[in-house]
Amino acid sequence: MANVSHPRGDITSHPDAPEMQARYARMLGGRDVALVDGPVFLLGLYCAVSPWILHFTTSQPSLVAHNLIVGIAIGLLALGFTRAPERMYGLSWAMCAIGVWMIISPWIVGTSPDAGVIWNNAVIGALALILGMVCAGTAARSAPRRP
């Protein structure tokens, strides 16, 4: 019987090795903000659970659903940044828009919010805005230049 298993070892002799290395380098070329993906995900997670952490579930029921939905959206953006960075970093401006929205949402969605709710959403919004600008700036800097 023929031995069809490949011996484990060095892949440099593989005929497709240079192409795989070039593809890997191209893929990681836009990953300058890989350290931002984790904080964006954690920000989305905190935004989603913040109504229960700060106990404003009974005083602001509309903001509970709002923060949950926006937190899930931020988390999904973070997962997209991680899984398909070359496609998703164009949506980093959406993070900036979500940040601005989170800052003004207590007065639009909520009803007479207290200081804790305002500060919570303002901090989440400011962090989302900053992280979105970092992602957008890095994506714009690493984009290929057109002549």
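This report walks through the fold, the surface and a few individual residues of a predicted model.

## Overall fold

Let us begin with the protein chain as a whole. Its secondary structure consists of 6 helices and 0 strands, and from the N terminus on the order reads α-α-α-α-α-α. The chain holds 147 residues, and 35% of them are buried.

## Annotated segments

UniProt, in an unreviewed entry, places the feature "transmembrane region" at residues 33-57, 63-81, 88-109 and 121-140. Two of these spans can be set beside the model's geometry. Residues 63-81 are 100% helix and 0% strand, and the C-alpha atoms at the ends lie 26 Å apart. Residues 88-109 are 82% helix and 0% strand, with the end C-alpha atoms 28 Å apart.

If you colour the surface by residue type, look for a nonpolar patch of about 1100 Å². The patch is made by F41, L42, L45, Y46, V49, W52, I53, L54, L68, I72, L76 and L79. Which elements give two or more residues to this patch? They are α2, covering 34-53, and α3, covering 61-83. The element that gives the most is α2, with 7 residues.

V49 is a handy member to pick out. This residue is part of the patch and is found in helix α2. V49 counts as partly exposed because its relative accessibility is 35%, a value between the 20% and 50% limits of that class.

## Helix α3, inside and out

Helix α3 has 23 residues and reaches 33 Å from its first C-alpha to its last. That reach is close to the 33 Å expected at 1.5 Å a residue. Which residues of α3 are buried? They are L63, V64, H66, N67, V70, G71, I74, G75, L77, A78, G80 and F81. Other residues of the chain segment 61-83, among them L68 and L76, belong to the nonpolar patch.

Not counting residues up to four places away in sequence, N67 touches C47, A48, S50, P51, F56, M102, N120 and N121. How far is N67 from I124, C-alpha to C-alpha? The two are 57 residues apart along the chain, and their C-alpha atoms are separated by 10.0 Å.

P61 is also found in helix α3. Is P61 buried or exposed? At 55% relative accessibility, P61 counts as exposed, because the class begins over 50%. P61 is 49 residues from G110 in sequence, while the C-alpha atoms of this pair are 8.0 Å apart in space.

Next comes A97, whose place is in helix α5. With a relative accessible area of 47%, A97 is partly exposed. A97 and G132 are 35 residues apart along the chain, and 8.5 Å separates their C-alpha atoms.

## Two loop residues with positive phi

H55 is found in the loop between α2 and α3. What is the phi of H55 near? The angle is near 60°, a positive value in a residue other than glycine. H55 is exposed, and its relative accessible area is 66%.

S112 also has a positive phi, near 40°, and is likewise a residue other than glycine. Where is S112 found? Its position is in the loop between α5, which covers 92-108, and α6, which covers 115-142. S112 is exposed, with a relative accessible area of 70%.

Terms used. Residues are numbered from 1 along each chain as its sequence is written. This is a predicted model: local features need pLDDT of at least 70, side-chain atom pairs count only at pLDDT 80 or more; totals for chains, interfaces and linings use all residues. Side-chain values use heavy atoms; hydrogens and water are left out. Patches are made of residues with over 30% relative accessible area and no salt bridge: like charges are joined within 9 Å, nonpolar side chains (Val, Leu, Ile, Met, Phe, Trp, Tyr) within 5 Å. Accessible areas come from the Shrake-Rupley method with a 1.4 Å probe; for residues, only the protein chains shown count as cover. A salt bridge is a side-chain nitrogen of Lys or Arg within 4 Å of a carboxyl oxygen of Asp or Glu. Helices (H or I, at least four residues) and strands (E, at least two) are DSSP runs, numbered from the N terminus. Buried means under 20% relative accessible area, exposed over 50%, partly exposed in between (1.4 Å probe, protein chains only). UniProt positions are given in the numbering used here, feature names are shortened, and annotations may be inferred rather than shown by experiment. The expected span of a helix is 1.5 Å times one less than its number of residues. Contact means heavy atoms within 4.5 Å.
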